Amino acid sequence: MLKFPVLHPEILRALASGGHASRVLITDGNYPHVNRPNPRAPIVWANFVPGVLDCCTALQMICQAVPIEAVHLMAPDKTGAYALASDPPIWSRFREILHQYAGFSDPPALLPKPQFNELAAGPEVCLVIATAETAIWANVLLTIGVVR
(Lines give C-alpha, C1' and ligand atoms only; values in the text may rest on other atoms or scores of the structure.)
Protein backbone atom coordinates (compact mmCIF):
# COMPACT_ATOMS: atom_id res chain seq x y z
CA MET A 1 0.00 0.00 0.00
CA LEU A 2 2.92 2.39 0.45
CA LYS A 3 3.79 4.89 -2.25
CA PHE A 4 6.59 6.84 -0.51
CA PRO A 5 9.40 5.73 1.80
CA VAL A 6 8.78 6.81 5.39
CA LEU A 7 11.78 6.85 7.71
CA HIS A 8 10.07 6.29 11.07
CA PRO A 9 10.04 2.50 11.66
CA GLU A 10 6.82 2.36 13.75
CA ILE A 11 4.93 4.51 11.26
CA LEU A 12 6.28 2.47 8.36
CA ARG A 13 5.29 -0.80 10.04
CA ALA A 14 1.76 0.41 10.82
CA LEU A 15 1.17 1.83 7.33
CA ALA A 16 2.54 -1.29 5.67
CA SER A 17 0.27 -3.51 7.75
CA GLY A 18 -2.77 -1.32 7.19
CA GLY A 19 -4.61 -1.80 3.96
CA HIS A 20 -7.54 -0.34 2.09
CA ALA A 21 -10.06 1.18 4.52
CA SER A 22 -7.61 1.24 7.44
CA ARG A 23 -7.45 4.56 9.23
CA VAL A 24 -4.69 6.82 10.54
CA LEU A 25 -5.46 9.23 13.37
CA ILE A 26 -3.34 12.38 13.64
CA THR A 27 -4.02 14.23 16.88
CA ASP A 28 -3.23 17.62 18.31
CA GLY A 29 -1.56 18.14 21.67
CA ASN A 30 -4.91 18.30 23.49
CA TYR A 31 -6.25 14.93 22.37
CA PRO A 32 -6.70 12.30 25.11
CA HIS A 33 -4.35 9.86 23.39
CA VAL A 34 -4.42 7.04 25.91
CA ASN A 35 -8.13 6.63 26.60
CA ARG A 36 -9.73 7.52 23.26
CA PRO A 37 -8.24 5.78 20.18
CA ASN A 38 -8.37 2.11 19.27
CA PRO A 39 -6.30 0.42 22.01
CA ARG A 40 -4.84 -2.04 19.47
CA ALA A 41 -3.47 0.74 17.26
CA PRO A 42 0.12 1.71 17.98
CA ILE A 43 0.61 5.26 19.22
CA VAL A 44 3.65 7.06 17.87
CA TRP A 45 4.54 9.73 20.43
CA ALA A 46 5.74 12.62 18.28
CA ASN A 47 4.83 15.28 20.82
CA PHE A 48 8.35 16.36 21.72
CA VAL A 49 7.73 19.99 22.76
CA PRO A 50 4.76 22.26 21.95
CA GLY A 51 4.58 22.68 18.18
CA VAL A 52 7.20 20.01 17.37
CA LEU A 53 6.02 17.81 15.58
CA ASP A 54 2.88 19.53 14.27
CA CYS A 55 -0.20 18.07 12.60
CA CYS A 56 0.56 19.62 9.21
CA THR A 57 3.96 17.91 9.02
CA ALA A 58 2.45 14.56 10.04
CA LEU A 59 -0.40 14.99 7.54
CA GLN A 60 2.01 15.82 4.72
CA MET A 61 4.11 12.75 5.53
CA ILE A 62 1.10 10.40 5.56
CA CYS A 63 -0.30 11.90 2.34
CA GLN A 64 3.01 11.16 0.62
CA ALA A 65 3.10 7.60 1.95
CA VAL A 66 -0.38 6.20 1.29
CA PRO A 67 -3.38 7.03 -0.91
CA ILE A 68 -6.12 8.94 0.91
CA GLU A 69 -9.72 7.87 0.32
CA ALA A 70 -11.56 9.87 2.99
CA VAL A 71 -10.85 12.54 5.59
CA HIS A 72 -12.73 13.22 8.82
CA LEU A 73 -12.15 16.28 11.00
CA MET A 74 -13.26 16.83 14.58
CA ALA A 75 -15.76 19.68 14.31
CA PRO A 76 -15.72 22.49 16.86
CA ASP A 77 -18.38 22.75 19.51
CA LYS A 78 -21.33 24.99 18.63
CA THR A 79 -21.51 26.39 22.17
CA GLY A 80 -19.27 26.63 25.20
CA ALA A 81 -15.74 27.76 25.97
CA TYR A 82 -14.17 26.21 22.86
CA ALA A 83 -16.89 27.04 20.34
CA LEU A 84 -15.83 28.69 17.09
CA ALA A 85 -17.87 30.89 14.78
CA SER A 86 -15.99 29.65 11.70
CA ASP A 87 -13.68 26.84 10.68
CA PRO A 88 -10.49 26.48 12.72
CA PRO A 89 -7.67 28.29 10.88
CA ILE A 90 -5.57 25.11 10.60
CA TRP A 91 -8.23 23.47 8.41
CA SER A 92 -7.30 25.64 5.42
CA ARG A 93 -3.73 24.33 5.71
CA PHE A 94 -5.06 20.75 5.99
CA ARG A 95 -7.01 21.26 2.74
CA GLU A 96 -3.92 22.63 0.99
CA ILE A 97 -1.80 19.66 2.09
CA LEU A 98 -4.48 17.14 1.14
CA HIS A 99 -4.80 18.67 -2.31
CA GLN A 100 -1.07 19.16 -2.94
CA TYR A 101 0.28 15.88 -1.58
CA ALA A 102 -2.65 13.50 -1.97
CA GLY A 103 -4.61 15.01 -4.85
CA PHE A 104 -7.59 14.97 -2.48
CA SER A 105 -10.09 17.70 -3.30
CA ASP A 106 -13.30 16.45 -1.64
CA PRO A 107 -14.36 18.43 1.42
CA PRO A 108 -13.45 16.63 4.64
CA ALA A 109 -16.34 15.11 6.58
CA LEU A 110 -16.99 17.07 9.78
CA LEU A 111 -17.91 15.08 12.86
CA PRO A 112 -18.87 16.36 16.31
CA LYS A 113 -16.38 15.35 19.01
CA PRO A 114 -18.34 12.29 20.31
CA GLN A 115 -18.78 10.82 16.82
CA PHE A 116 -15.18 11.58 15.87
CA ASN A 117 -13.91 9.88 19.02
CA GLU A 118 -16.13 6.88 18.34
CA LEU A 119 -14.71 6.52 14.82
CA ALA A 120 -11.16 7.02 16.18
CA ALA A 121 -11.73 4.13 18.60
CA GLY A 122 -12.85 1.80 15.81
CA PRO A 123 -11.01 -1.36 14.81
CA GLU A 124 -10.04 0.19 11.44
CA VAL A 125 -7.54 2.56 13.10
CA CYS A 126 -4.09 1.11 12.43
CA LEU A 127 -1.98 4.05 13.64
CA VAL A 128 -2.21 7.04 15.96
CA ILE A 129 0.30 9.87 15.62
CA ALA A 130 0.27 12.01 18.76
CA THR A 131 1.63 15.39 17.71
CA ALA A 132 2.44 18.47 19.74
CA GLU A 133 0.17 20.64 17.60
CA THR A 134 -0.88 23.73 19.55
CA ALA A 135 -3.80 24.73 17.31
CA ILE A 136 -7.16 23.59 18.64
CA TRP A 137 -9.52 21.36 16.65
CA ALA A 138 -6.56 19.94 14.71
CA ASN A 139 -7.51 16.27 14.86
CA VAL A 140 -7.76 14.45 11.55
CA LEU A 141 -8.73 10.87 10.71
CA LEU A 142 -7.55 9.59 7.32
CA THR A 143 -8.89 6.54 5.53
CA ILE A 144 -6.33 4.72 3.42
CA GLY A 145 -7.37 4.18 -0.17
CA VAL A 146 -6.13 2.02 -3.00
CA VAL A 147 -2.91 2.50 -4.95
CA ARG A 148 -3.98 3.05 -8.57
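**Entry 1: strand β1.** Before anything else, a reminder to myself that this is a predicted model. I started with β1, which spans residues 23-27. I wanted to know how many of its residues are buried. Five of the five are, so I've put β1 down as largely enclosed by the rest of the structure. I then checked the faces separately. R23, L25 and T27 sit on one side, V24 and I26 sit on the other, and every one of them is buried, so both faces are covered.

**Entry 2: who pairs with β1?** I looked up the strand partners next. β1 runs parallel to β5 (residues 125-130), and five bridges join the two. Within that pairing, I26 has I129 as its bridge partner. β1 also pairs with β6 (residues 140-144), this time in the antiparallel sense and over four bridges.

**Entry 3: T27.** I picked out T27, which lies in β1. Is T27 buried or exposed? Its relative accessibility comes out at 0%, and because the cut-off for buried is under 20%, T27 counts as buried. I also wanted to see what its side chain does. It makes a polar contact with the side chain of H33, at 2.5 Å. Skipping the neighbours within four places in sequence, I listed what T27 touches: H33, C55, V128, I129, A130, T131, A138 and N139. I129 is a name I already had, as the bridge partner of I26.

**Entry 4: the largest pocket.** The largest pocket has a volume of about 280 Å³. It is lined by 13 residues, and the closest to its centre are N30, M74, K113, W137 and N139. N139 was also on my contact list for T27.

Entry 5: Of its 15 lining residues, A75, P76, D77, K78 and W91 are the closest to the centre. Which elements give two or more residues to the lining? They are β4 (109-112) and α4 (113-120). β4 gives the most, with three residues. By class I noted 10 nonpolar, one polar and four charged residues for this lining.

How values were computed: Residues numbered from 1 in each chain as written. Predicted model: local features only at pLDDT ≥ 70, side-chain atom pairs only at ≥ 80, totals over all residues. Heavy atoms only, no water. 1 Å grid on protein atoms, 1.4 Å probe; cavity = no way out; pocket = protein on both sides within 12 Å on 5 of 7 lines; lining within 4 Å. Points joined across faces, edges and corners; volume = space filled by probe spheres on them. Nonpolar A, V, L, I, M, F, W, Y, C, P; charged D, E, K, R; others polar. Buried < 20%, exposed > 50% of the residue type's maximum accessible area, 1.4 Å probe, protein only. Polar contact = N/O pair within 3.5 Å; in protein donor to acceptor, adjacent residues only side chain to side chain. Contact = heavy atoms within 4.5 Å. Pairing = 2+ DSSP bridges.
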